[in-house]
Amino acid sequence: GMNKIVLLLLLLPFLLFSQEQKKAKELVAAPSTVEERRFVRNGNDLYEKKNFVDAEVQYKKVLATNPNYARANFNAGNAIQEQNRFKEAIPHYEIAAKVAAEKPSKASAYHNMGNAYFGDKNYAGALEAYKNALKQNPRDEESRYNYALTKKLLEQQQNEDDQKKDKDKDKKEDQKKDQNQDQQKDKDKDQKDQDQCKHKCKHQT
């Protein structure tokens, strides 16, 4: 109903948080060579200068020889996600989450995986990833916030789907709904702009 929409609009101006790149340093990597670690450091330098394309190249050099290196996967996921290639980022976070030895590292990988699903408008996938992040780190306020926001969006999406199913029931209802949908389209457009902003603003703290 109206209450949910109002609440949603109040939430949207806030940033969708993302775990910091520096968290990546907590990841326990597969045994890595001096050269591989140098590529990762080069990638990190480029990443910090917001040169995500070249950072990705450095991380991929490592993954060519050491595909399960947790830190390189985590950082590659971040660099790819920053280029809005959300689907491609997800497998890198999956590897990082599996390989990482420590809970905070697993939590960060699941958290950023949630952001990638969210960017791809796959709210069900995002919800699951944030839930996994919270299992690893129950006190993470950012994952909790993103989980709650995603849950609201998912419910709203499902409500809209239900409304579409009921549409044929009544012609008069139809005309009312068409007006509402036009308003909803405008809202959706605003929301899309803001969703995008949330992802663009990541890592800038």
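## Helix H8

Within helix H8, the buried residues are Ser143, Tyr145, Asn146, Leu149, Thr150, Leu153, Leu154 and Gln156. These positions belong to a predicted model.

At the start of H8, a side-chain oxygen of Asp140 comes to within 2.9 Å of the backbone nitrogen of Glu142.

## Overall architecture

The secondary structure of the protein consists of nine helices and zero strands.

The protein has 205 residues, of which 43% are buried. Its accessible surface amounts to about 11,500 Å², and carbon and sulfur atoms account for 52% of that area. When contacts between residues at least 6 apart in sequence are considered, 65% of them join residues at least 24 apart.

## Nonpolar cores

The largest nonpolar core contains 24 residues, and those with the most contacts inside it are Tyr93, Met113, Ala116, Tyr117 and Phe118. At least two residues of this core come from each of helix H4 (70-82), helix H5 (86-99), helix H6 (103-119), helix H7 (123-136) and helix H8 (141-166).

Once its neighbours within four places in sequence are set aside, Ala116 is in contact with Gln81, Phe86, Ala89, Ile90 and Tyr93. There is also a second, separate core of 12 residues, which includes Val40, Phe52, Val62 and Ala79.

## Confidence of the prediction

The average pLDDT of the protein is 80, and 68% of the residues score at least 70. Confidence is highest in H7, with a mean of 97, and lowest in helix H1 (residues 2-11), with a mean of 47.

Two stretches call for caution. Over residues 2-15 the pLDDT stays under 50, and the model gives this stretch 24 contacts beyond four places in sequence. Residues 193-205 also have a pLDDT below 50, with 36 contacts in the model beyond near neighbours in sequence. Where pLDDT is low, predicted coordinates should not be read in detail.

Note on methods: Residues are numbered from 1 along each chain as its sequence is written. Side-chain values use heavy atoms; hydrogens and water are left out. A nonpolar core is a set of buried Ala, Val, Leu, Ile, Met, Phe, Trp, Tyr and Cys residues joined through side-chain atoms within 4.5 Å. Buried means under 20% relative accessible area, exposed over 50%, partly exposed in between (1.4 Å probe, protein chains only). Helices (H or I, at least four residues) and strands (E, at least two) are DSSP runs, numbered from the N terminus. Contact means heavy atoms within 4.5 Å. A polar contact is a pair of N or O atoms within 3.5 Å; within protein, one must be able to donate a hydrogen and the other to accept it, and residues adjacent in sequence count only if both atoms are side-chain atoms. Accessible areas come from the Shrake-Rupley method with a 1.4 Å probe; for residues, only the protein chains shown count as cover. pLDDT is the predictor's confidence in each residue, from 0 to 100.
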